[in-house]
Amino acid sequence: MQTITDIHFEFEVPVGAERAYEAIGRPQDWWMRDTEGNASTSGASFTVHLNRAQGFVRFKVTEAQPGRRIVWHVEDCYLQWFEDKHEWTGTDVMFEIVPSSSGSTINFVHRGVGPEAECYSM
């Protein structure tokens with residue numbers, strides 16, 4: 001469930017829901033190349049390394065419905081550039097995929113990151 005203060009973006013992609021899901025599950029292709037582990041299977045864990053010396057985010061896939069929804073829970077992180085280096089720990093990154101006439105609508109929510117978080121306005 002999203003709150004009014006969670007980070008939220010909605011955008012269209014020109015591909016079907018299954019292909020969008022597959023792409024989301026490969027964060028090394030669209031976020032950080034230095035990623036290890038499985039990001040698309042429920043129960044799996046993966047780590048995104050943010051310039052190794054500067055930080056990391058370790059996720060657990062808590063929900064995976066191919067072509068529909070994927071949720072990553074932040075188990076731990078170290079974000080060197082923020083005052084609270086563990087700001088994202090305990091939050092959830094959620095992707096809802098809805099078929100549309102032009103491909104798919106992606107609803108992205110970072111639940112648990114509200115206005116009090118340093119990264120919120122970024």
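Buried means under 20% relative accessible area, exposed means over 50%, and partly exposed lies in between. In this predicted model, Asp29 counts as partly exposed because its relative accessibility is 48%, and Arg26 counts as partly exposed at 36%. The side chains of Arg26 and Asp29 meet in a salt bridge, with N to O at 2.8 Å.

## Salt bridges between strands

The count of salt bridges comes to six. One of them joins Glu75 to Arg58, with the closest N and O atoms 3.9 Å apart; this pair links distant parts of the chain, since Glu75 belongs to strand S5 (residues 69-79) and Arg58 to strand S4 (residues 55-65), 17 residues apart. Glu75 is partly exposed at 34% relative accessibility, and Arg58 is partly exposed at 34%.

Arg111 forms a salt bridge with Asp92, the closest N and O atoms being 2.9 Å apart, and this pair connects strand S7 (residues 103-111) with strand S6 (residues 92-100). Arg111 is partly exposed, with a relative accessible area of 26%, whereas Asp92 is buried at 12%.

## Surroundings of Thr35

Thr35 lies in strand S2 (residues 35-37) and counts as buried because its relative accessibility is 18%. A polar atom of the Thr35 side chain is 2.7 Å from the backbone oxygen of Met32. Beyond its neighbours within four places in sequence, Thr35 is in contact with Pro27, Gln28, Phe46, Thr47 and Val48.

## The second largest pocket

The second largest pocket holds about 160 Å³ of space, and its lining consists of nine nonpolar residues, with no polar and no charged ones. Helix H1 gives the largest share of this lining, three residues.

Definitions and conventions: Residues are numbered from 1 along each chain as its sequence is written. This is a predicted model: local features need pLDDT of at least 70, side-chain atom pairs count only at pLDDT 80 or more; totals for chains, interfaces and linings use all residues. Side-chain values use heavy atoms; hydrogens and water are left out. On a 1 Å grid over the protein atoms alone, a cavity is a set of points where a 1.4 Å probe fits but cannot get out, and a pocket is an open set with protein on both sides within 12 Å along at least five of seven lines; lining residues have an atom within 4 Å of a point. Grid points are joined across faces, edges and corners, and a volume is the space filled by probe spheres set on the points. Helices (H or I, at least four residues) and strands (E, at least two) are DSSP runs, numbered from the N terminus. Ala, Val, Leu, Ile, Met, Phe, Trp, Tyr, Cys and Pro count as nonpolar, Asp, Glu, Lys and Arg as charged, and the others, Gly among them, as polar. Buried means under 20% relative accessible area, exposed over 50%, partly exposed in between (1.4 Å probe, protein chains only). A polar contact is a pair of N or O atoms within 3.5 Å; within protein, one must be able to donate a hydrogen and the other to accept it, and residues adjacent in sequence count only if both atoms are side-chain atoms. Contact means heavy atoms within 4.5 Å. A salt bridge is a side-chain nitrogen of Lys or Arg within 4 Å of a carboxyl oxygen of Asp or Glu.
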